[in-house]
Amino acid sequence: MAAPSISPTDLELVARLRAGDEDAFMMLVTALGPSMRRVARMYVSTDAVADEVVQDAWVGVLRGLGSFEGRSTLRTWIFRILVNIAKTRGQREGRSVPFATLAGDDLQEPSIDPSAFRGPDDPAAGSWSTLPFDWRGMPEQRAEGSETIRVIGRAIATLPPLQAEVIRLRDVQGWSSEEVRNALDLSETNQRVLLHRARARVRRALEEHLRSVSQA
Amino acid sequence: MSADAEITCREVVELLSGLLDDELPARERARVEAHLTACDGCSMILDELRETVRLTGRLTEEDLTAHQSATLLDAFRSWRAGG
């Protein structure tokens with residue numbers, strides 16, 4: 001890995017925070033707060049405790065600002081502080097949440113219904129036998145409508161917590177895979193599998209929604 | 001599976017998210033790309049997955065409640081005051 005160098009954006013933000021700039025702080029709180037609260041909630045028992053964890057994390061961030069070296073992005077560094085506090089707090093509550101509960105027990109399941117493919121006895125085993133509904137080229141106002149966005153939101157909300165957070169950070173907020181991996185303390189493989197599962201579930205929700213719209 | 005073994009549609013669909021993010025090992029990527037040039041079904045899933053990612057990017061994060069923001073602003077002010 002290259003020598004740590006703080007990105008210009010983070011450098012400016014850190015400088016503003018160190019100078020006591022309230023707007024800079026609130027911008028960060030607004031941008032990261034909802035995700036931080038959800039991540040904290042994975043490890044602790046109630047919303048109220050999660051809020052406390054988030055508050056403690058921000059205090060830790062402010063205390064540690066002087067030692068932020070830019071080895072990761074600022075938001076990743078903030079999440080590391082958050083996750084450490086949340087895990088410690090969860091342990092103190094006697095609450096230990098297995099990885100499988102957070103990640104979902106469906107990580108190894110196929111992302112497309114196996115019946116869509118030819119069976120093992122077929123000479124062309126594993127190739128398509130029935131293609132899913134093709135929603136490419138749906139009129140834009142349908143695919144782009146607010147109902148479609150709601151469908152995606154609902155699909156994400158029903159995902160296991162870690163799948164949901166990975167797709168939110170990656171595809172809604174645009175974090176890099178490295179950032180998400182570091183922020184949530186995931187292996188490279190786990191990050192990739194969680195995102196793959198989440199996207200597959202959202203794609204399927206879109207397929208079902210757009211098929212029903214096309215038949216309406 | 002040898003490097004030259006045919007990759008099936010069923011296997012390819014599990015690799016498309018990694019392909020979109022350019023996270024597949026070079027050899028695996030080459031096999032998936034070769035498959036896609038000849039497979040309309042898998043190309044369709046790739047297109048839809050790309051569209052899924054694009055549409056997901058249009059979601060917005062709900063704002064923090066005013067209550068939480070106010071409490072945090074207090075924390076920031078006391079930190080700045082050396083508290």
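1. Let's start where the two chains meet: the contact takes 34 residues from chain B and 40 residues from chain A. Two residues are in contact if their C-beta atoms, placed from the backbone, lie within 7 Å. Helix 4 of chain B gives the most to the side of chain B that touches chain A, with nine residues. By class, that side of chain B has 13 nonpolar, nine polar and twelve charged residues. Here Ala, Val, Leu, Ile, Met, Phe, Trp, Tyr, Cys and Pro count as nonpolar, Asp, Glu, Lys and Arg as charged, and the others, Gly among them, as polar.

2. A word on the model and its labels. This is a predicted model, where local features need pLDDT of at least 70, side-chain atom pairs count only at pLDDT 80 or more, and totals for chains, interfaces and linings use all residues. Residues are numbered from 1 along each chain as its sequence is written, while chains are lettered from A and ligands numbered from 1 in the order in which they are written.

3. Now look at chain B by itself: its secondary structure comes to five helices and zero strands. Helices (H or I, at least four residues) and strands (E, at least two) are DSSP runs, numbered from the N terminus. Of the 83 residues in chain B, 23% are buried (20 or more other C-beta atoms, placed from the backbone, within 10 Å of a residue's own).

4. Over in chain A, the crossing of helix 8 and helix 9 of chain A involves Glu165(A), Val166(A), Leu169(A) and Arg170(A) of helix 8, which make the contact with Ser177(A), Val180(A) and Leu184(A) of helix 9. This contact has four nonpolar, one polar and two charged residues.

Note on methods: Buried ≥ 20, exposed ≤ 12 C-beta atoms within 10 Å, placed from the backbone.
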